[in-house]
Each structure stands twice: as structure tokens, then as C-alpha cells.
Amino acid sequence: MLGYLQGLRGAGSGSEQMPGDIYNELFADVLLAAKGNGCKTKEQDKSTGFSMLRSFDAEASNQLEPPAATDADVWIFGYGSLVWKADFPYIDRRRGFVGGYKRRFYQHSIDHRGIPERPGRVVTLLPGDSGRDRVYGVAYRIAASQKGAVLDHLDYREKNGYERCSLEFHGYPTTAAGGVEPIQVIMYVATQANDSYAGDVWQVPCIAKQIFCSAGPSGPNREYLFNLAAAMEQLFPGAVDEHLEELVACVRRHIAEDEDNLMRHAVLQEISAILQEEQLPEQAKQLEKLLERCQQPGGREWLLHGALQSRSES
């Protein structure tokens, strides 16, 4: 890096031209390669997407030798990341819904899809119309012998504001009279009383902007949104979730229309600030750190968040 900077100065690159030269030479390709950040485009979702629907009935359990079902088993209902990421042993699973609730991205995430200083957004349930509103998801049967360990694991996974509750689960498609009876499921819901509840910032454009520029230990916030939307589309064709669909459209619009310009603006600002250092070796050291951070998980979201803040302040 030091040799590159010395070469730039030796070639007569002016102070106004240098940030652009450095960006084009060192950062542009790196940022372009990482643009997807693990998230498929809408077209890729349709062409490859999840294999959930194809494998759902064929792989009822995620264990090679699942314990036998008993009356002491419990069912866990997932309506967010649990739909596609069941990181616990189960012996059966079903598609279905709970009635009288609405799924909303009203919960801050500071330990999975965001960090405390830049929270992401994840779903919780709000009471709705008992005859009209449904939340679709997946119920997992947990063997009695594994129940304690699984619930302990989920209590920790959902520790940021979620509490257990019990509700009636109906199979999908809607069963005819005399068909499978509803079952009681345990699910995790974040109420308005928890510290990470998002409060009054509920409008879809605000939530979408937060998802667009957030990431955490579990990955980019947008990945969570797109995975949930793809799972709903495949597992529940024809089911409508306007809130989810509006968010997906809004975040994809940010990616298509804003992301490249915001990233370039943010990186150029960082480079310009670094070039204010008097010593060339220190400039080289800081540029190396910036390049490394851009390639780390959450690096793009850190830059996007800063660029959006700078835009709003100006």
C-alpha cells in the first residue's frame, strides 16, 4: 500500500484526484464482488431459491434416527428465521398458520441481524382480526427426550425480548371437516414491553432503510428479509403478507437505486479523511484497515449506515 501511494504521488496525482484514483484501483472491484453480501436477487430466488418445498414432505425429520413420537412431545411454531433455520433436532414438521395475528418487523435485533449501535429489524406478532388475519409458518415436533435441550437453546436464541406463549396451530392448506385437528404449539413473541421493541417507528420506508443498512453476527438484515419472503412464497403459494411484500420491494429498490452511489460516496469520504494524515506510512496503514473492513461481514452495512446518516444530516 505504501508503495502504491508513493507511486501515485510520483505520477503527479493531485490531491483532488487521489481519492477517486484510490477508490477505482483498490476498492471498486472489492465492493462490487461483495455487493450481493450473500443475498440472492429476485431473479435468482425464482430460478434457484430454496429447496424447502421440494424437500418438505420428503424430509419430515432432520435426524437420521429420530426418536419415536409420544404424547409428551411438544410442537414449536416458527414464523421468522425458524421457518428456514431450524438449528435444533426435530422429529416432524408441518406447514400451517396461527389465526388472529399479524406478522410485523417491529422488533429491533441487536444480537443476530444488527448490533447495539445499529440495530436491525426482525419479526414479532401483533394481535389482529381473529377471523381474517393469519400468520403462516412451520411447526416442528420436538421429542420428549429432547424437549428440555431444545427449549433451553431457543430461550437463548430468542433472548432479546421474546417470551414463550401457546397458541392453536392449523395445518396448510385449510383442512376439511373431519381432517387433522389443530395442535397446540409453543412460539416466541416479542411484546411491546421488551426493551428492543421498535416503538413508534413502524412505517415501511423507515423499516426498509434500517434493514437495508444493518447486519449482525447472523448476517445481513436484508438476507433475513429475503429468506423469509422466499420461504413464504414457496411454502404458502397464494398466501398474502402485504407488510412483508412491501418491505421486500422497498429494500430491493434501495439496493437497485441507492446502494452503489451510497457506497462510493461513503468510501470516498473515508479515503479523503485518511489522506488528511501528514505521514504517508500512516495513510497506507489506515487505507489497509479500511479495505479490510470493507471485506469483513457487516462492513458494507457500516458504510451504508454512515452514508445515509450523512445524507439525512445534509
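A: In this predicted model, Arg-157 and Glu-158 are both buried. The two residues form a salt bridge with each other, and their closest N and O atoms are 3.5 Å apart. In general, side chains of opposite charge can pair when their charged atoms come close.

The surroundings of this pair come next. Arg-157 and Glu-158 are among the residues nearest the centre of the second largest pocket, together with Ser-81, His-112 and Tyr-224. The lining of this pocket is made of 23 residues, and the space inside is about 370 Å³. At least two lining residues come from each of strand 1 (74-78), strand 3, strand 4 (120-127) and helix 5 (147-157). By type, the lining splits into nine polar, eight nonpolar and six charged residues.

Another joins Arg-222 to Glu-259, with 3.2 Å between the closest N and O atoms. This pair links distant parts of the chain: Arg-222 sits in helix 7 and Glu-259 in helix 9 (residues 259-274), 37 residues apart. Arg-222 and Glu-259 are both buried.

The salt bridge between Arg-132 and Asp-133 has its closest N and O atoms 4.0 Å apart. Arg-132 counts as exposed because its relative accessibility is 64%, and the cut-off for exposed is over 50%. Asp-133 is buried because its relative accessible area is 14%, and buried means under 20%.

For context, the largest pocket has a volume of about 690 Å³. It is lined by 31 residues, and those closest to its centre are Val-240, Asp-241, Glu-242, Leu-244 and Glu-245. Two or more lining residues come from each of helix 3 (42-47), strand 3 (101-109), strand 5 (134-142), helix 7 (221-235) and helix 8 (242-257). Helix 8 gives the most to this lining, with eight residues. The lining of the largest pocket has 15 charged, 14 nonpolar and two polar residues.

To return to the part examined here, Arg-157 and Glu-158 are a buried pair that lies among the residues nearest the centre of the second largest pocket.

Notes: Residues are numbered from 1 along each chain as its sequence is written. This is a predicted model: local features need pLDDT of at least 70, side-chain atom pairs count only at pLDDT 80 or more; totals for chains, interfaces and linings use all residues. Side-chain values use heavy atoms; hydrogens and water are left out. On a 1 Å grid over the protein atoms alone, a cavity is a set of points where a 1.4 Å probe fits but cannot get out, and a pocket is an open set with protein on both sides within 12 Å along at least five of seven lines; lining residues have an atom within 4 Å of a point. Grid points are joined across faces, edges and corners, and a volume is the space filled by probe spheres set on the points. Helices (H or I, at least four residues) and strands (E, at least two) are DSSP runs, numbered from the N terminus. Ala, Val, Leu, Ile, Met, Phe, Trp, Tyr, Cys and Pro count as nonpolar, Asp, Glu, Lys and Arg as charged, and the others, Gly among them, as polar. A salt bridge is a side-chain nitrogen of Lys or Arg within 4 Å of a carboxyl oxygen of Asp or Glu. Buried means under 20% relative accessible area, exposed over 50%, partly exposed in between (1.4 Å probe, protein chains only).
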